[in-house]
Amino acid sequence: TATYTTYDLTLDKVVKGDMGNKGKEFNFTIEFTGGDEGEKFIYGGQEYTFDDQGKVPVTNIMLADATTAITISGLPSDVKYKVIENVPQSEGYETTATVNEASVDVAEGENAQTVAEQQKSKDQDDVVVTNTRNAVSPTGIVMDVAPYALLVVIAAAGCFVFLRKRRED
């Protein structure tokens, strides 16, 4: 009897930082490549099929910090995948990612962050995308500039006093 073993992929979202919105849902897309035409897998009760080019995207995955991780079941081990988080840089989040607790590269674009393409392992892959957003702290520019400005004012006053005395003599 021939058996065909498939594997799972989970995707979880973590939001950190004092300005991170833990209730905000983030939109994800996962692009799978390298599957054989007609191979199938399941996500959210829906069946997805690899096309004649061995590709299939799973779109509109909505995750927040408070939501449960999603699981995609029935993946062959020879596929590759890219996780794309559709969040503009203007929102101020710094994005990092791990696959099975190992850090992976994240390419930051104007409107999306992309986790570097990964080869599906012969086990369950746990992908965690973390967004961190902290408050911008005051830089203390007044304390950086104030001592020098004070020195300039004192020097100017000293010059004024020194030159004024000479004229009177």
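This is a predicted model: local features need pLDDT of at least 70, side-chain atom pairs count only at pLDDT 80 or more; totals for chains, interfaces and linings use all residues.
Student: How many aromatic pairs does the structure hold?
Tutor: Rings of Phe, Tyr and Trp (its six-membered ring) pair if their centres lie within 6.5 Å; planes under 30 degrees apart count as stacked, over 60 as edge-to-face and the rest as tilted. The number of aromatic pairs in the structure is 5.

Student: What kind of aromatic pair do Phe-26 and Tyr-93 form?
Tutor: The two ring centres of Phe-26 and Tyr-93 are 5.4 Å apart. The angle between the planes is 85°, and the pair is edge-to-face.

Student: How many residues apart in sequence are the parts that Phe-26 and Tyr-93 tie together?
Tutor: Strands are DSSP runs of E with at least two residues, numbered from the N terminus. Phe-26 lies in strand β2, whereas Tyr-93 lies in the loop between β7 and β8. The pair therefore ties together parts whose separation in sequence, in residues, is 67.

Student: Why is the pair of Phe-32 and Tyr-81 tilted?
Tutor: Phe-32 is in strand β2 and Tyr-81 in strand β7, so this pair links parts 49 residues apart in sequence. Both residues, Phe-32 and Tyr-81, are buried. The pair counts as tilted because the ring centres are 6.3 Å apart and the planes stand at 50°.

Student: Which residues form one aromatic cluster?
Tutor: The aromatic cluster consists of Phe-32, Phe-41, Tyr-48, Phe-50 and Tyr-81.

Student: How many residues has the largest nonpolar core?
Tutor: A nonpolar core is a set of buried Ala, Val, Leu, Ile, Met, Phe, Trp, Tyr and Cys residues joined through side-chain atoms within 4.5 Å. Among the residues with the most contacts inside the largest one are Leu-11, Phe-32 and Val-83. Its number of residues is 29.

Student: In what order do the 7 strands of the open sheet come?
Tutor: Two strands pair if DSSP finds at least two bridges between them. The pairing in this open sheet is mixed, and the order of its 7 strands is β4-β3-β6-β1-β13-β8-β9.

Student: Which are the edge strands?
Tutor: An edge strand of this sheet pairs on one side only. The edge strands are β4 (46-49) and β9 (102-104).

Student: Which residue in β13 is the bridge partner of Thr-10?
Tutor: Strand β1 (residues 7-16) and strand β13 (residues 125-132) run parallel and are joined by 8 bridges. In β13, Thr-10 has as its bridge partner Asp-126.

Student: What is the bridge partner of Lys-40 in β4?
Tutor: Strand β3 (residues 40-43) runs antiparallel to β4, with 4 bridges between them. In their hairpin, 2 residues stand between the strands and Gly-44 takes a positive phi near 60°. The partner of Lys-40 in β4 is Thr-49.

Student: The side chain of Glu-85 makes a polar contact with which side chain?
Tutor: Glu-85 sits in strand β7 (residues 80-86) and has a relative accessible area of 1%, so it is buried. A polar contact is a pair of N or O atoms within 3.5 Å; within protein, one must be able to donate a hydrogen and the other to accept it, and residues adjacent in sequence count only if both atoms are side-chain atoms. At 2.7 Å, the side chain that makes this contact with Glu-85 is that of Lys-13.

Student: How long is the polar contact that joins the side chains of Thr-29 and Asn-86?
Tutor: Thr-29 belongs to strand β2 (residues 26-33), and its relative accessibility of 12% is why it counts as buried. The polar contact between the side chains of Thr-29 and Asn-86 is 3.5 Å.

Student: What positive phi does Glu-101 have?
Tutor: Glu-101 is placed in the loop between β8 (94-99) and β9. Its relative accessibility is 78%, so Glu-101 counts as exposed. Although Glu-101 is not a glycine, its phi is positive, at about 70°.

Technical notes:
Residues are numbered from 1 along each chain as its sequence is written. Side-chain values use heavy atoms; hydrogens and water are left out. Buried means under 20% relative accessible area, exposed over 50%, partly exposed in between (1.4 Å probe, protein chains only).
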